[in-house]
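Please read it alongside the sequence and the coordinates.

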Amino acid sequence: NDPAILERSIKLDPKGRYAAYANFHRASILVKSDDAAERRKAVSLLLQIAFGADKTFSDDALYLAAVQSYKEKKYGEAGAIFRRYLGMFPEGRHAADVRKMSAWSEYLSGKFADAMSLCGEGGTDDFAYLRAACAYALGDAANAERLFKEYLERFPQGKYRVNAELPLSRMKFDAAEKKGDALAVVENARRAYA
């Protein structure tokens with residue numbers, strides 16, 4: 001578990017039987033480092049492994065590089081790597097997680113239309129919420145309201161329940177304010193605050 005020793009062993013026998021494993025193991029250790037420079041080096045190393053001649057660890061290396069970029073909040077980079085993963089391994093071991101994280105990367109990068117297209121029909125908790133959140137971010141209030149309500153019906157105990165209830169309350173508040181319905185304004189302001 002010492003990346004320096006693993007690096008030395010790889011240099012001693014770069015085409016050896018365990019070189020690919022040692023290289024991947026070294027990168028997976030560096031990715032957990034407290035030092036940001038080492039984590040960046042790990043992502044670079046993982047990408048080299050993923051696109052290198054030896055394909056033994058390509059799937060895992062590309063996935064780990066994308067996840068690390070996502071953790072570092074480099075959503076544009078993460079999204080690009082996730083897209084490469086789906087191109088190379090459409091049925092890979094991590095494909096389901098990659099699709100979800102890819103949609104989140106696009107959403108967090110402000111590419112709401114792209115994120116929405118990745119969500120399909122919103123078959124999962126994440127995708128259903130993201131479809132609604134993207135519609136809301138794009139300013140499509142009618143569609144957003146419908147999708148948020150649909151999300152709350154389909155996933156009453158969903159991970160994003162509170163996140164879905166807040167914009168709904170805001171939209172109802174705005175509609176009540178336009179109508180001049182003071183009682184509804186107060187009620188939806190209370191809901192939004194709660």
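## Ala144 in helix H9

Ala144 has its place in helix H9, where helices are DSSP runs of H or I with at least four residues, numbered from the N terminus. Ala144 is buried, its relative accessible area being 0%; buried means under 20% relative accessible area, exposed means over 50%, and partly exposed covers the values in between, with a 1.4 Å probe and protein chains only. Leaving aside residues up to four places away in sequence, Ala144 touches Ala132, Ala135, Tyr136 and Met171, a contact being heavy atoms within 4.5 Å. Pro167 is 23 residues from Ala144 in sequence, and the two C-alpha atoms are 8.8 Å apart in space.

This is a predicted model, in which local features need pLDDT of at least 70 and side-chain atom pairs count only at pLDDT 80 or more, whereas totals for chains, interfaces and linings use all residues. Residues are numbered from 1 along each chain as its sequence is written, and side-chain values use heavy atoms, with hydrogens and water left out.

## Asn143 and its contacts

Asn143 is also found in helix H9, which covers residues 141–154. The side chains of Asn143 and Arg146 are joined by a polar contact of 2.5 Å; a polar contact is a pair of N or O atoms within 3.5 Å, where within protein one must be able to donate a hydrogen and the other to accept it, and where residues adjacent in sequence count only if both atoms are side-chain atoms. When residues up to four places away in sequence are not counted, Asn143 touches Met116 and Ala135.

## Packing of H9 with H10

Two packed helices are described by the angle between their axes and the distance between the axes. For H9 and helix H10 (residues 161–179), the angle is about 140 degrees and the axes are 10 Å apart, which makes H9 oblique to H10. The axes are lines fitted to C-alpha atoms, for helices over the stretch in contact, and the angles run from 0 to 180 degrees between N-to-C directions; angles under 35 degrees count as roughly parallel, over 145 as roughly antiparallel, 65 to 115 as roughly perpendicular and the rest as oblique.

H9 passes H10 in a left-handed crossing, a term that applies if the near helix is turned anticlockwise from the far one by less than a right angle, the right-handed case being clockwise. On the H9 side the contact is made by Ala141, Ala144, Glu145, Phe148, Lys149, Tyr151 and Leu152, and on the H10 side by Arg161, Asn163, Ala164, Glu165, Pro167, Leu168 and Met171. The residues of this contact divide into nine nonpolar, one polar and four charged, where Ala, Val, Leu, Ile, Met, Phe, Trp, Tyr, Cys and Pro count as nonpolar, Asp, Glu, Lys and Arg as charged, and the others, Gly among them, as polar.

## Packing of H6 with H8

Helix H6 (residues 95–108) and helix H8 (residues 125–137) have axes that come within 11 Å and cross at roughly 20 degrees, and that makes H6 roughly parallel to H8. H6 passes H8 in a left-handed crossing. Arg99, Lys100, Ala103, Trp104 and Tyr107 of H6 meet Asp126, Phe127, Tyr129, Leu130, Ala133 and Cys134 of H8, and the residues of this contact divide into eight nonpolar, no polar and three charged.

Ser69 has its place in helix H4, residues 58–71, and is buried, with a relative accessible area of 0%. Residues up to four places away in sequence being left out, Ser69 touches Arg40, Val43, Lys74, Glu77, Ala78 and Ile81.

Lys73 lies in the loop between H4 and helix H5 (75–88) and counts as exposed at 60% relative accessibility. Most residues other than glycine have a negative phi. Lys73, although not a glycine, has a positive phi of about 65 degrees.

Ser28 lies in helix H2, residues 19–30, and is buried with a relative accessible area of 15%. Its C-alpha atom is separated by 10.0 Å from that of Asp60, 32 residues apart along the chain. Lys32 is found in the loop between H2 and helix H3 (36–50), and at 67% relative accessibility Lys32 counts as exposed. The C-alpha atoms of Lys32 and Glu165, 133 residues apart along the chain, are separated by 36 Å.

Conventions:
Helices (H or I, at least four residues) and strands (E, at least two) are DSSP runs, numbered from the N terminus.
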